[in-house]
Amino acid sequence: MRDRLVSDDPAERRSAAADLYHVAGDDPDAAAEYAPVLVDLTDGEAASEYATATLHRIVSAGVLDIEAHVNTLEEGVADDGHLASSFGSGVDDRNPQSVTETELRRSAELLAWIAKHQPTDLADEAGALRGALPLEPARPGAMKALFLLSSSPTTRLDVPTKAIVAYVDDDDPRVRGDAIGTVGQLERFGKRHDAVPYFSTLIGAVEDPDVTVKQTALGVLTRGAEYWTHSLSARQLHSAVERVLALCDRESDPTVRSRARSLFYDLASAVVNTAARSALGVDGTPNRAVADGLVETAARDVALASTVATSLNYHHDADTEVRRDTLLDRIAERYPDRFASGSELLQTTLNEDGKRPGDVPALVLDLASVLLDATAE
Amino acid sequence: MGDPMTYLTVEIADSELGAVVHDAIDEWKASWASIVTRDDTIASQYHGIDVEKATRVVERLGDAVDRALVVSVIDSSRVGTGRLFVRVDDRLLLVETVTGGENRGVDVVDYIRRHYGFPGVGYDA
């Protein structure tokens with residue numbers, strides 16, 4: 001079986017993996033000895049589906065030796081330290097390395113599989129996974145395992161966030177994405193209202209060239225954003241709005257765009273509130289330009305305008321009234337055949353006799369209602 | 001516990017088979033809340049259907065599907081579990097099962113896309 005799995009012929013490797021898939025269904029223990037070789041067949045191979053499904057069967061049965069793979073990582077770390085300390089020391093050390101790069105890579109990947117199916121058994125070994133991160137062959141598997149442990153509902157990952165942040169710039173997008181996902185879990189984004197440490201790292205990642213990394217960073221940032229965005233400084237908010245707005249406008253991927261819009265609503269709300277507080281002299285430097293710019297942006301998009309309008313409603317100073325009227329006028333301008341002005345749009349919401357214009361989105365009328373409440377003050 | 005919410009994303013093997021998939025999903029019409037179609041992908045969302053039931057839907061879709069992702073979220077804990085299926089030699093293989101944190105399966109959808117390139121749809125997209 002082993003010879004067939006490592007054959008030079010891709011068709012032979014695929015056929016061997018298919019046979020092993022059936023073996024693993026009846027006797028996962030018997031298939032387990034081939035798990036390290038299967039790891040090599042999971043990426044971009046004709047055999048990859050069978051190899052992955054076979055690993056799934058083996059790992060689901062819980063028959064892999066966790067300790068052996070943890071030991072491989074620890075030996076790899078020891079080798080690395082040994083080489084580093086002897087480098088340049090003039091000591092001619094002929095001791096061969098005890099583990100190969102291939103063994104390191106395979107063991108780290110298998111530990112990631114184990115992290116999915118036996119997270120509580122692996123949680124105590126998080127130190128070994130963290131220790132292996134500097135070793136390039138082990139890094140993708142070790143980071144994947146750390147991410148899976150961090151997001152498992154049955155374990156708590158005991159690793160400092162700093163140790164993970166070091167890899168958000170890795171060359172491998174999967175390592176970057178797993179690192180960002182782990183940072184989100186460790187910093188409890190979505191569970192803690194003041195979760196802003198490492199914010200600049202996460203917001204930087206929304207501009208990553210890889211779409212899956214962008215998606216992951218936005219997935220972390222949108223958790224509980226309606227709360228924690230209010231803990232950001234004006235500078236952090238400003239920079240975040242610019243980056244996220246660029247994605248709302250230009251991003252072609254539907255998931256990324258949808259998440260960017262969701263995050264923008266929360267950022268917009270925080271910006272307007274911050275700006276309004278500043279204008280009232282409650283805190284810090286007035287930031288009227290930011291709020292004015294935001295109104296102009298929101299006017300281009302009714303869904304965004306709704307969020308801005310709700311925030312405007314909390315404040316009843318003169319500046320806010322001007323912004324509110326500007327917003328209404330801009331929206332009315334989008335429907336020139338329906339509304340002559342923003343005030344006419346407001347009047348429309350007063351009609352309760354079913355004469356609401358059918359070709360205007362309900363959102364526009366809801367928005368005007370929100371603004372009308374403020375006008376009634 | 002509350003009712004589970006399940007998101008099903010299927011990649012259609014052939015665009016002409018889209019109607020077949022729609023019909024199969026239609027059986028669950030009483031419970032699906034929304035459906036989106038993107039090119040060769042159909043995504044739907046179900047109230048009160050757990051991962052086992054959704055898996056049976058996937059199995060019934062048969063030849064019409066190349067890949068399918070089922071992400072089921074427990075309402076009370078917001079913990080999501082995902083299953084990824086891939087068609088090989090006329091059968092669907094279960095290649096991945098992953099459980100995520102308390103974020104309605106968002107991290108599960110992201111993980112599957114990062115490591116398998118399959119853009120599944122979850123509660124936020």
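This is a predicted model: local features need pLDDT of at least 70, side-chain atom pairs count only at pLDDT 80 or more; totals for chains, interfaces and linings use all residues.
Figure 1. To find the residue, look in the loop between helix H16 (234–250) and H17 of chain A. A handy landmark is Thr212(A), whose C-alpha atom is separated from that of Asp253(A) by 9.9 Å. Along the chain, these two residues are 41 residues apart.

**Figure 2. Helices H12(A) and H14(A) packed together.** Thr212(A) turns up again here, as one of the H14(A) residues that meet H12(A). The axes of the two helices are 9 Å apart, and the packing angle is about 0 degrees. Angles under 35 degrees count as roughly parallel, so H12(A) is described as roughly parallel to H14(A). From H12(A), the contact draws on Pro173(A), Arg176(A), Gly177(A), Ile180(A), Gly181(A) and Gly184(A). Facing them in H14(A) are Thr212(A), Val213(A), Thr216(A), Ala217(A) and Val220(A). Sorted by class, the residues of this contact comprise five nonpolar, five polar and one charged.

**Figure 3. Helices H2(A) and H5(A) and their crossing.** Here helix H2 (residues 10–26) of chain A meets helix H5 (residues 48–60) of chain A, with axes that come within 8 Å and cross at roughly 20 degrees. Because of that angle, H2(A) is roughly parallel to H5(A). The crossing of H2(A) past H5(A) is left-handed. On the H2(A) side, look for Arg14(A), Ala17(A), Ala18(A), Leu20(A), Tyr21(A), Ala24(A) and Gly25(A). Their partners in H5(A) are Tyr50(A), Ala51(A), Ala53(A), Thr54(A), Arg57(A) and Ile58(A). The make-up of this contact is nine nonpolar, two polar and two charged residues.

**Figure 4. The contact between chain A and chain B.** Each chain has its share in this view: 25 residues come from chain A and 25 residues from chain B. On the chain A side, the elements giving two or more residues are H5, helix H12 (173–186), helix H14 (211–221) and helix H17 (254–279). What classes of residue does chain A bring to the side that touches chain B? There are four nonpolar, 16 polar and five charged residues.

**Figure 5. Two assigned domains of chain A and their contact.** The domain assignment of chain A gives domain 1 (160–224) and domain 2 (240–248 + 260–377). Six residues of domain 1 and seven residues of domain 2 take part in the contact. The domain 1 side contains four nonpolar residues, one polar and one charged.

**Figure 6. Thr41(B) and its setting in chain B.** Thr41(B) sits in strand E3 (residues 41–47) of chain B. With 19 other C-beta atoms within 10 Å, Thr41(B) is partly exposed; a residue would need 20 or more to be buried. Leaving aside residues up to four places away in sequence, Thr41(B) touches Thr9(B), Val10(B) and Glu11(B). Ser72(B) is 31 residues from Thr41(B) in sequence and 18 Å away in space, C-alpha to C-alpha. Buried residues account for 52% of the 125 residues in chain B.

Conventions: Residues are numbered from 1 along each chain as its sequence is written. Chains are lettered from A and ligands numbered from 1 in the order in which they are written. Axes are lines fitted to C-alpha atoms, for helices over the stretch in contact, and angles run from 0 to 180 degrees between N-to-C directions. Helices (H or I, at least four residues) and strands (E, at least two) are DSSP runs, numbered from the N terminus. Angles under 35 degrees count as roughly parallel, over 145 as roughly antiparallel, 65 to 115 as roughly perpendicular and the rest as oblique. A crossing is left-handed if the near helix is turned anticlockwise from the far one by less than a right angle, and right-handed if clockwise. Ala, Val, Leu, Ile, Met, Phe, Trp, Tyr, Cys and Pro count as nonpolar, Asp, Glu, Lys and Arg as charged, and the others, Gly among them, as polar. Domain bounds come from an automatic or database domain assignment. A residue is buried if 20 or more other C-beta atoms lie within 10 Å of its own, exposed if 12 or fewer, and partly exposed in between; C-beta atoms are placed from the backbone.
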